[in-house]
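Visitor: I would like to learn how to read the features of a protein model. Could you take me through one, starting with paired strands?

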Amino acid sequence: MSRSAEIAADPNTVWSLITDLPRMGEFSPENRGGRWRGGATGPAVGAEFLGVNRNGIRRWYTKVRVVDCDPGRLFTFDVRTPFGLRVSRWSYEITPTAAGCRLTENWYWVGPWFSRRVFGPTVTGRISTV
């Protein structure tokens, strides 16, 4: 799934907002933030993050690992369950425009069928259509 938005802001400003994972909860209907782990203090390839999520009464944690980190241009991370099952990949591409930039969010299911059809809806309340 992919969505884009034109933003009247400098690409580096947008970059600093989308890569500040502890603040992600300010922009997401589901994520509530979290904390960097394993000595990481910010975005870098290999950095790990513990995400806190909520949908209604459902709450869950995710393990995140940064896989692409190109300041001002690209930020990608993989999401896993607390016990290591890979479930999704999120990628944010920033393209400069005359008025600021275009931010494109790409989201991919990457886990097995079981996580999409059984585990995901049970934990998150969301049903996969893919």
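Visitor: Which residue stands opposite E6 in β7?

Guide: Two strands pair if DSSP finds at least two bridges between them, and the strands themselves are DSSP runs of E with at least two residues, while helices are runs of H or I with at least four, all numbered from the N terminus. Here E6 stands opposite R102 in β7. Strand β1 (residues 2–7) and β7 pair in the antiparallel sense over six bridges. Before we go on, a word on conventions: this is a predicted model, in which local features need pLDDT of at least 70 and side-chain atom pairs count only at pLDDT 80 or more, whereas totals for chains, interfaces and linings use all residues. Residues are numbered from 1 along each chain as its sequence is written, and side-chain values use heavy atoms, with hydrogens and water left out.

Visitor: How do the side chains of R102 and E6 meet?

Guide: Side chains of opposite charge can pair when their charged atoms come close. The working rule for a salt bridge is a side-chain nitrogen of Lys or Arg within 4 Å of a carboxyl oxygen of Asp or Glu. R102 and E6 meet in such a salt bridge, at 2.8 Å from N to O. R102 lies in strand β7 and E6 in strand β1, so the pair ties together parts that are 96 residues apart in sequence.

Visitor: Is E6 buried or exposed?

Guide: Buried means under 20% relative accessible area, exposed means over 50%, and partly exposed lies in between, using a 1.4 Å probe and protein chains only. E6 is exposed, with a relative accessible area of 52%, and R102 counts as partly exposed at 32%.

Visitor: How many salt bridges does the structure hold?

Guide: There are six. Two of them involve D78: one with R86 (3.4 Å, N to O), and one with R89, where the closest N and O atoms are 2.6 Å apart. R89 lies in strand β6 and D78 in strand β5, so this pair ties together parts that are 11 residues apart in sequence. Through shared partners, salt bridges join D78, R86 and R89 into one network. D78 counts as buried, at 9% relative accessibility, while R86 is partly exposed at 27% and R89 is partly exposed at 25%.

Visitor: Back to strands, then. How many bridges join β6 to β7?

Guide: β6 and β7 run antiparallel and are joined by 10 bridges. A hairpin connects β6 to β7 through two residues, and T97 has G100 in β7 as its bridge partner.

Visitor: What do β3 and β4 form?

Guide: They also make a hairpin, with two residues between them, and G56 in the turn has a positive phi of about 65 degrees. Eight bridges join the antiparallel strands β3 and β4, and R54 is partnered by R59 in β4. On to strand β2 (residues 31–37): six bridges join this strand to β3 (residues 48–55), again antiparallel. R35 stands opposite L50 in β3.

Visitor: How many aromatic pairs does the structure hold?

Guide: A pair of aromatic rings is described by the distance of the centres and the angle of the planes. Rings of Phe, Tyr and Trp (its six-membered ring) pair if their centres lie within 6.5 Å; planes under 30 degrees apart are stacked, over 60 edge-to-face, and the rest tilted. The structure holds six pairs. One of them joins W36 and F49, with centres 5.2 Å apart and planes at 70 degrees, so the pair is edge-to-face. W36 sits in strand β2 and F49 in strand β3, 13 residues apart. W36 counts as buried at 14% relative accessibility, and F49 is buried at 3%.

Visitor: Which residues form one aromatic cluster?

Guide: W15, F75, F77 and Y92 do.

Visitor: Which residues have the most contacts inside the largest nonpolar core?

Guide: A nonpolar core is a set of buried Ala, Val, Leu, Ile, Met, Phe, Trp, Tyr and Cys residues joined through side-chain atoms within 4.5 Å. The largest has 18 residues, and I18, L21, F75, F77, Y92 and I94 have the most contacts inside it. At least two residues of this core come from each of α1 (11–18), β4 (58–70), β5 (74–80), β6 (86–97) and β7 (100–109).
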